[in-house]
Amino acid sequence: MSDMSYPTKENTKFTIVQGGEKKVMKKILSVALSTAMAFSMFASVAFGETATTPEAQFNALAAKGILTGYPDGQARLEKDLTRAEFAKIIAKLLDLKEVKTTLSFKDKNYNANHWARGYIEAVNAAGLMTGKTATTFDPSGKVSVQEVATVLVRALKLEVPATADNTASAWAKGYVQAAINKGLVAAGTNFQGNATRALVVGAAYQVDILKSAPVVVSAEALSPTSVLVTFADKTTATVTPASALVEGVETTVAFKNNGFDYAVKVTLSSAKVLSFTPVNATQVEVKFNRSVDETAAKTFANYKIGTAIPTSISLSGNTATLTFATAAEVEVTNAVAVVEPITLADNADKKTAKFTSVLTYEDTVKPVISSVSAKTNTTAATKLTVTVSEPIQSATAKVDGTYYPVAFGGTNTGTITGLNLSSTANHTLELVNLTDKSGNVTVTASQAFSVTVDTVAPTATLSAYSDRAILVTFSKDMEEATVAGALTLSAVKDELLAPVPYTYSKIDNKKYLLTVDTALFASKASRTLSVVIGGTVKDDLGNAYVAGSQSVTLSKDTVKPVATGFKVVKNSDGKVTDVVITFSEALKANATPALPVIVNMNGVIVTGSLLGGFTADPIVAGDKQVTYSVVTAAAQTGSFAFSFPSSLVTDLSEAANTSDVFNYTVDFGGGSTTFSLTSAAASANVITVNFGTAVKGGAVANSATDVANYTLAGKPLPAGTTIYLDGDQKIATITLPSGTISATDPTSVLTVANVAATNGATLNTYTGTVAVVDNTKPVLTTAALTSDNKLVLGFGETLTVGTAVYQDFVVKINGNAVTGLTAVNITDGTGSDAGKVVLNLKGLVKYNGTVTYIDLDNNGSLDGSDIKVADGDITATFTYSSSAFISGVTVTTAATTVGKDAQNNTLKTAVTVTAK
């Protein structure tokens with residue numbers, strides 16, 4: 001039998017099963033049997049979720065048969081572990097078969113009958129543990145933390161890093177660092193000290209997780225060639241399918257992750273806007289479900305709130321952050337928010353569906369300090385940068401008690417200069433009357449900070465920006481004057497180190513552009529140029545660049561710019577204002593682009609008469625579109641052939657590639673007729689209306705995304721309803737928000753009216769039925785005390801029998817929480833109380849031989865906040881409702897609830913009712 005000492009859980013106490021003399025064998029077997037029964041009771045706890053305490057981790061491993069315990073009722077997790085005990089843990093953890101045919105060591109008392117012989121020989125044969133000497137293993141000796149780390153790293157075959165930052169002995173530093181990096185041991189551990197049982201249990205638990213295949217929690221198709229998989233251990237993997245995914249088609253994707261094979265089913269959703277969310281008075285976050293083209297996503301005209309468009313846009317991943325000029329443009333009531341179709345990053349022929357929703361927003365959140373940064377390369381910083389949670393219109397700053405001006409410039413980042421901040425001292429920034437764009441004021445906000453000393457020299461990388469431009473990207477923000485001084489001289493050289501003429505320009509504080517001003521490709525298809533950057537170049541702290549040169553290859557661009565599509569732009573009255581032609585690449589500046597020849601369907605040239613004629617907006621260098629503005633904005637119907645001449649646009653390459661002749665048939669829509677929609681259906685409170693033809697959307701008259709054009713059950717659509725059209729503008733998806741449908745109705749009447757097609761046809765009013773389901777949380781409405789000391793809880797609707805648990809409710813008596821409720825205290829109501837929940841408080845009334853009291857924590861003694869109600873024993877006659885010592889009884893639904901109605905809507909949280 002084993003002399004190991006590991007805790008198991010039995011009747012809430014930790015017991016130990018330990019080997020020893022034969023005379024106690026029967027007792028041990030009895031304890032082991034009861035322990036096994038206890039393990040079966042706790043198996044769901046062990047495997048249901050991640051264990052976070054040594055005791056819980058031990059239970060999880062014991063339930064798998066990896067650990068056993070002692071019979072004396074003590075956990076002893078704080079005690080040190082022996083080498084023999086550790087050998088058994090490793091053998092069990094790795095499913096090593098006991099080796100009983102060899103005896104490799106000659107320690108005293110180590111023989112064929114030694115309890116750990118099979119495990120010691122197994123780990124020795126596997127090369128995981130070796131003897132202290134060639135002939136001794138020292139089974140009873142202590143095992144150190146660094147030895148534990150070494151064995152576990154070997155067991156998991158982890159890569160040992162070349163560098164380490166820990167306090168282990170020299171021989172173990174690499175192994176210990178690998179264990180730290182993998183989360184097996186904490187960085188601050190005394191690695192040369194003895195390993196406690198608790199430490200080894202925790203490390204073994206992590207190993208068990210790592211060697212088990214984590215379950216896939218979710219798989220999401222991000223694009224046709226990318227699937228994001230999330231595992232139960234909170235790790236993720238990005239998987240490339242064997243073949244490109246097709247929208248709307250469920251596909252099985254097989255992949256391998258950390259040596260385990262998986263297969264997941266995913267469906268690539270159509271591209272759309274997931275959300276349009278104001279984050280403060282002037283900024284809105286727009287989240288897409290797919291990666292979008294940066295140029296299209298940063299086009300101001302693609303976004304509107306009412307008639308307002310953003311003044312700046314940033315794109316991070318699949319989220320665009322829109323900044324508007326004033327708070328009045330974002331703080332709106334029932335304004336229509338529109339996102340036009342946006343081209344996808346991975347497919348220029350695909351766009352997101354047009355998005356429209358009704359927006360109401362008021363910013364009531366006060367700004368707070370997010371971060372403070374001060375840097376220097378000497379002993380004192382002369383400026384600091386403060387970042388706040390949102391754009392700021394005004395503030396006053398104090399640094400270490402002294403007032404300084406702070407400039408936010410309408411952004412969320414402010415700079416304070418003229419400082420002398422020691423790099424060895426702690427400092428405090430205080431912002432007084434910090435006022436956001438909505439007028440919310442934080443009277444005072446402060447944050448402690450220290451100065452970061454940065455003496456690292458900046459580095460630079462070169463890349464081809466185009467076939468005649470070199471992008472120089474520095475690793476840090478630079479002092480622009482020093483960069484300009486170095487790069488505006490003869491910094492660019494050809495293959496023979498002869499100077500190449502060029503123009504210098506700044507993109508931002510890290511990126512600078514060198515555009516070659518001479519022909520490069522007269523006789524070659526590619527050129528390798530070098531850029532010399534001198535040591536006078538400095539970052540914004542004064543750290544000097546290490547002088548040197550780098551090379552970059554520029555290849556001749558011979559690809560012509562190609563038109564990729566067109567868009568008819570209309571104002572809120574439905575009048576045509578512009579026709580926009582988009583191109584495949586950035587274009588050369590042109591003040592007067594040529595006009596197209598326009599022919600109607602009867603073959604008549606109408607270039608000068610259609611909409612009063614067109615004018616071409618100047619092309620700004622870098623644009624990817626040409627805009628033709630009408631002379632007279634007006635409603636227009638019918639199709640017209642637009643013919644564009646050759647050389648309409650020129651790209652930015654040295655070859656100055658020009659476009660070929662191309663044509664588009666531009667459809668402005670048809671005359672005013674009528675049409676009927678094809679179908680309307682609902683699933684999970686999402687209504688899909690198929691109009692069968694392209695319809696208007698956005699903030700225009702007769703829009704299919706206007707909630708006012710629909711009714712449900714004879715009422716307007718609920719506030720918060722969102723409506724968006726698909727890319728073809730034929731199908732409207734109407735999402736009803738949670739908490740708005742109070743009863744399931746399989747035949748709720750839906751009407752659709754006042755919608756117009758893009759060709760001018762108007763919809764025949766539609767009346768039909770759709771199925772909607774209750775999505776409103778049941779609400780606690782009443783609480784009543786009965787004469788037999790029960791608390792009967794009523795709700796706005798019937799709860800499903802057996803779903804409510806006592807943890808759903810927080811009962812307070814005289815303002816003190818009742819913490820002693822258990823599952824036996826809660827039952828479902830019957831008879832006249834059917835659909836209600838009954839909490840039995842009678843068991844809390846107790847007599848301790850002297851007084852009668854309310855035992856709030858149900859621990860059998862009068863202590864803490866327990867309530868004395870009488871001298872002597874009145875437990876048989878006491879009632880909460882009549883006792884003068886009970887001044888109040890309230891019930892509050894908990895922060896998380898599980899009680900639910902027939903549609904699985906859980907109880908509304910944080911609702912309080914009074915019973916007395």
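The largest nonpolar core has 49 residues, and Phe-86 and Ile-120 have the most contacts inside it. A nonpolar core is a set of buried Ala, Val, Leu, Ile, Met, Phe, Trp, Tyr and Cys residues joined through side-chain atoms within 4.5 Å. Buried means under 20% relative accessible area, with a 1.4 Å probe and protein chains only. Helices are DSSP runs of H or I with at least four residues, strands are runs of E with at least two, and both are numbered from the N terminus.

A second, separate core has 31 residues, including Leu-780, Ile-826, Phe-878 and Val-891. In soluble globular proteins, nonpolar side chains tend to be buried together.

The model is predicted; local features need pLDDT of at least 70, side-chain atom pairs count only at pLDDT 80 or more, and totals for chains, interfaces and linings use all residues. Residues are numbered from 1 along each chain as its sequence is written, and side-chain values use heavy atoms, leaving out hydrogens and water.

Helix α3 is largely enclosed by the rest of the structure, because 10 of its 11 residues are buried. Among them are Arg-83, Glu-85 and Lys-88, as well as Phe-86 and Leu-93. The buried residues of α3 pack against α4, α5 and α7, where contact means heavy atoms within 4.5 Å. After α3 comes Asp-95, with a positive phi near 60°.

Asn-543 lies in the loop between strands β31 (526-533) and β32 (548-555). This residue is buried, with a relative accessible area of 6%. Its side chain reaches the backbone oxygen of Asp-454 at 2.9 Å. Leaving aside residues up to four places away in sequence, Asn-543 touches several others, including Asn-377, Asp-454, Pro-458, Lys-476 and Lys-538.

The model has 1 cavity of 30 Å³ or more. A cavity is a set of points on a 1 Å grid over the protein atoms alone where a 1.4 Å probe fits but cannot get out; lining residues have an atom within 4 Å of a point. The largest cavity holds about 40 Å³ of space, and its lining includes Leu-799, Asp-828 and Lys-836.

The protein chain averages a pLDDT of 88, and 93% of the residues score at least 70. pLDDT is the predictor's confidence in each residue, from 0 to 100. Over residues 1-48 pLDDT stays under 50.

Note on methods:
Buried < 20%, exposed > 50% of the residue type's maximum accessible area, 1.4 Å probe, protein only. Polar contact = N/O pair within 3.5 Å; in protein donor to acceptor, adjacent residues only side chain to side chain. 1 Å grid on protein atoms, 1.4 Å probe; cavity = no way out; pocket = protein on both sides within 12 Å on 5 of 7 lines; lining within 4 Å. Points joined across faces, edges and corners; volume = space filled by probe spheres on them.
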